[in-house]
Amino acid sequence: MKILLAIKDRLVRSALKSLIRFNCTDDIAMDAADHLNFLEQLRNNKNDLVILEREFFFDDNPEMIILLKKAYPEINFIVTGINRESQREAIDAKMDAFYMQSDSPERLVELINGFRRGKKSVSDN
């Protein structure tokens, strides 16, 4: 499975790539350093899953996640956030899952594995 990470902090992106490589050995994890790179990778690669930090686009732009899901309905999206408001936005945007950043890394691995098995759940947390 090809996974694209859209996370603002370089160290967090690196840690997530390592987590995916260690726990999901058949997956290819790529990351986007900025908005333009993210949109290019989204358009040019056959991504199966995008892990998108809610604040990746201009800190407070929940409309962007709605537009992304509409533009790329074939891609599964996991939105990450720090509070329940972010989770509500992910549900409203019809995102495929939400990962609370305070949850364990194992929880994120479970979500990724769920997509590999074909399961989706926004409300799981």
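Residues are numbered from 1 along each chain as its sequence is written. In this predicted model, local features need pLDDT of at least 70, side-chain atom pairs count only at pLDDT 80 or more, totals for chains, interfaces and linings use all residues, and side-chain values use heavy atoms, without hydrogens and water.

The protein chain has five helices and five strands. Helices (H or I, at least four residues) and strands (E, at least two) are DSSP runs, numbered from the N terminus. Their order from the N terminus is β-α-β-α-β-α-β-α-β-α. The radius of gyration of the protein chain is 13 Å, close to the 14 Å that the globule rule gives for 125 residues, so the chain is as compact as a globular protein of that length. This radius is taken over C-alpha atoms, and the rule is 2.2 Å times the number of residues to the power 0.38. Along the principal axes, the C-alpha atoms fill a box of roughly 35 × 30 × 30 Å.

Of the 125 residues, 49% count as buried. Buried means under 20% relative accessible area, exposed over 50%, and partly exposed in between (1.4 Å probe, protein chains only). Contacts (heavy atoms within 4.5 Å) were also counted. Among those between residues at least 6 apart in sequence, 61% join residues at least 24 apart.

Helix α2 spans residues 35–44. Phe-38, Gln-41 and Leu-42 are buried there. They cover an arc of only 100° around the axis, which puts them on the same side of α2. The arc is that of the directions from the helix axis to the C-beta atoms. The face of α2 turned away from this buried side carries the exposed residues Leu-36, Arg-43 and Asn-44.
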